[in-house]
Amino acid sequence: MGWQSLKISDSSWRKWARRFLKDERGSASVEFAALAIPLFIPLFIFMNSFATMSDGQDSLRTLAREAARGFVTSANDEIAYGVAHEIVTKGAQILGYGDAIQKGEIEMHIECSKRPCISPNASVRVIMTKTDKSHPKIKVSAIEYVSPWA
């Protein structure tokens, strides 16, 4: 008896398997999962790296703008360089770049159109560069102008 019941269940299983393999309902879902998901994974990786890079550029550009504003509103060049350095140091900590500042991964370079920099109508460009071994180099700049009545 045990052998016959096994044989019956075995044949019913075969019928069910044949019916299942011939049935095409849901095949589009399987094809989508098999073909589209491997194509979307690189897209998601690219979007993530693009968002990270864009966020890094925005943060550094904010630091550069604030440093340039602090520079051009200072009384003289000596004070201006100190103010810009302080703004970048404190701002980097606020924006989460405290470790990068300590490691020397963020550099600030200041270019002036005139000497001394704090001269009427002089332009001041602050260039921020972040170099990290695990990410591409980010370089941004901001320009501010000294008041004509300085």
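Reader: What should I know before I start?

Author: This model is predicted: local features need pLDDT of at least 70, side-chain atom pairs count only at pLDDT 80 or more, and totals for chains, interfaces and linings use all residues. Residues are numbered from 1 along each chain as its sequence is written, and side-chain values use heavy atoms, with hydrogens and water left out.

Reader: In what order do the strands of the sheet lie?

Author: Start with the general idea. Strands of a sheet pair through backbone hydrogen bonds, either parallel or antiparallel. Now the terms. Strands (E, at least two residues) and helices (H or I, at least four) are DSSP runs, numbered from the N terminus. Two strands pair if DSSP finds at least two bridges between them. Here three strands form an open sheet, ordered E1-E2-E3, with antiparallel pairing. Strands E1 (106-112) and E3 (135-145) are the edges; each pairs on one side only.

Reader: How many bridges join E2 to E3?

Author: Nine bridges link E2 (residues 123-132) with E3. Take one example: Ser123 has Tyr145 in E3 as its bridge partner.

Reader: Which strands does each helix lie across?

Author: Look at contact, meaning heavy atoms within 4.5 Å. Angles are taken between N-to-C directions and run from 0 to 180 degrees; axes are lines fitted to C-alpha atoms, for helices over the stretch in contact. Helix H2 (residues 27-72) lies across E1, E2 and E3, at about 30 degrees to E3. Helix H3 (residues 77-94) lies across E1 and E2, at about 150 degrees to E1.

Reader: How do I describe two packed helices?

Author: Use the angle between their axes and the distance between the axes. The axes of H2 and H3 come within 8 Å and cross at roughly 150 degrees. That makes H2 roughly antiparallel to H3 (under 35 degrees counts as roughly parallel, over 145 as roughly antiparallel, 65 to 115 as roughly perpendicular, the rest as oblique).

Reader: Which residues make that contact?

Author: From H2, they include Leu63, Ala67 and Phe71. From H3, they include Ala80, Val83 and Ile87.

Reader: Where do Pro116 and Asn121 lie?

Author: Pro116 sits in the loop between E1 and E2. The peptide bond from Arg115 to Pro116 is cis, with omega near -5 degrees. Asn121 is in the loop between E1 and E2. Asn121 is not a glycine, yet has a positive phi of about 65 degrees.
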